[in-house]
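Take a look at the chain below. We will go from the whole fold down to single residues.

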Amino acid sequence: MIETIAFYLFSAVLVASAIMVVFSKNPVHSVLFLILSFFNAAALFILLGAEFVAMILVIVYVGAVAVLFLFVVMMLDINFAELRRGINTYLPFGIFLGVILFIELVFLVFQNWVLPPSGGPALAAPAPMLSEISNTRALGQLIYTHYLYIFQVSGLILLVAMIGAIVLTLRHRPGVQRQRIADQIGRKRSDVMTVKEVSFGVGAPVE
């Protein structure tokens, strides 16, 4: 009973936060709602017994990706009012794509799935005991055997996203001092420090 209540509670908050990510006018609020949805999704994974996936979701997506999005949104000087003016131009195309996606989801839900002949022996095979294999080991066997190439491609996509975020934030702005590594390494002691002889009892001269 407690697990059922927790499932519906986390699911309701997850759906509500996902809707707010799309409909929130402030992009910073959208990222914060995205972080909230990640936390609730991690809680659902814990209810399903996939504690490793929940931990990865919190550490990677909440601790790295979502925070990176938040800093990028806060640092970019984007005129969102100008972007919203052209929304009517792309609105019919967006509605068309949404309808297609909704029809595909309906087909997936009401499709009569038929297992291939090769899937019968795999389903008939006895499942290992939970004490014999852990959740992390089972997940690792799937990722690094059957889904190795997909896992590598997802890592490349995240790498491209990280490089794009760095390129977007590295902009030359007037009046902003930038760090110059070559000047720091090539400077001499005489450029930053002056040695003066001070007589005893007189003190340093005032310039």
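**From the surface inward**

The protein exposes about 17,600 Å², and carbon and sulfur atoms supply 71% of it. Accessible areas come from the Shrake-Rupley method with a 1.4 Å probe, and for residues only the protein chains shown count as cover. This is a predicted model, in which local features need pLDDT of at least 70 and side-chain atom pairs count only at pLDDT 80 or more, while totals for chains, interfaces and linings use all residues. Residues are numbered from 1 along each chain as its sequence is written, and side-chain values use heavy atoms, with hydrogens and water left out.

What is the protein built from? Its secondary structure comes to ten helices and zero strands. Read from the N terminus, the elements run α-α-α-α-α-α-α-α-α-α. Helices (H or I, at least four residues) and strands (E, at least two) are DSSP runs, numbered from the N terminus.

Of the 207 residues, 13% count as buried. Buried means under 20% relative accessible area, exposed means over 50%, and partly exposed lies in between (1.4 Å probe, protein chains only). Now consider contacts, meaning heavy atoms within 4.5 Å. Among contacts with a separation of 6 or more, 58% come from residues 24 or more positions apart.

Phe10 lies in helix H1 (residues 2-23). Phe10 counts as partly exposed because its relative accessible area is 26%. Setting aside residues up to four places away in sequence, Phe10 touches Asn40, Ala43, Leu44 and Leu47. The C-alpha atoms of Phe10 and Ala42 are separated by 9.4 Å, though these residues are 32 apart along the chain.

Is Asn40 buried or exposed? Asn40 has 6% relative accessibility, so Asn40 counts as buried. Asn40 sits in helix H2 (residues 27-47). Not counting residues up to four places away in sequence, Asn40 touches Phe10, Val13 and Leu14.

Next comes the largest pocket. About 520 Å³ of space lies in it. The elements that give two or more residues to its lining are H3 (51-75), helix H7 (135-146) and H8. The lining has 17 residues, of which Phe52, Ile56, Leu139, Ile143 and Phe151 lie nearest the centre. A pocket is found on a 1 Å grid over the protein atoms alone: it is an open set of points where a 1.4 Å probe fits, with protein on both sides within 12 Å along at least five of seven lines, and lining residues have an atom within 4 Å of a point.

Phe52 belongs to helix H3. Phe52 counts as partly exposed because its relative accessibility is 24%. Leaving aside neighbours within four places in sequence, Phe52 is in contact with Asn135, Thr136 and Leu139. Phe52 and Leu139 are 87 residues apart along the chain, and their C-alpha atoms are separated by 8.6 Å.

Leu68, Phe69, Leu156, Leu159, Met162, Ile163, Ile166, Val167 and Leu170 make a nonpolar surface patch of about 810 Å². Two elements give two or more residues to this patch: helix H3 (51-75) and helix H8 (148-169). H8 gives the most, with six residues. Leu170 is in the loop between H8 and helix H9 (181-186). Leu170 counts as exposed because its relative accessibility is 52%. Patches are made of residues with over 30% relative accessible area and no salt bridge, with like charges joined within 9 Å and nonpolar side chains (Val, Leu, Ile, Met, Phe, Trp, Tyr) within 5 Å. A salt bridge is a side-chain nitrogen of Lys or Arg within 4 Å of a carboxyl oxygen of Asp or Glu.

Technical notes:
Grid points are joined across faces, edges and corners, and a volume is the space filled by probe spheres set on the points.
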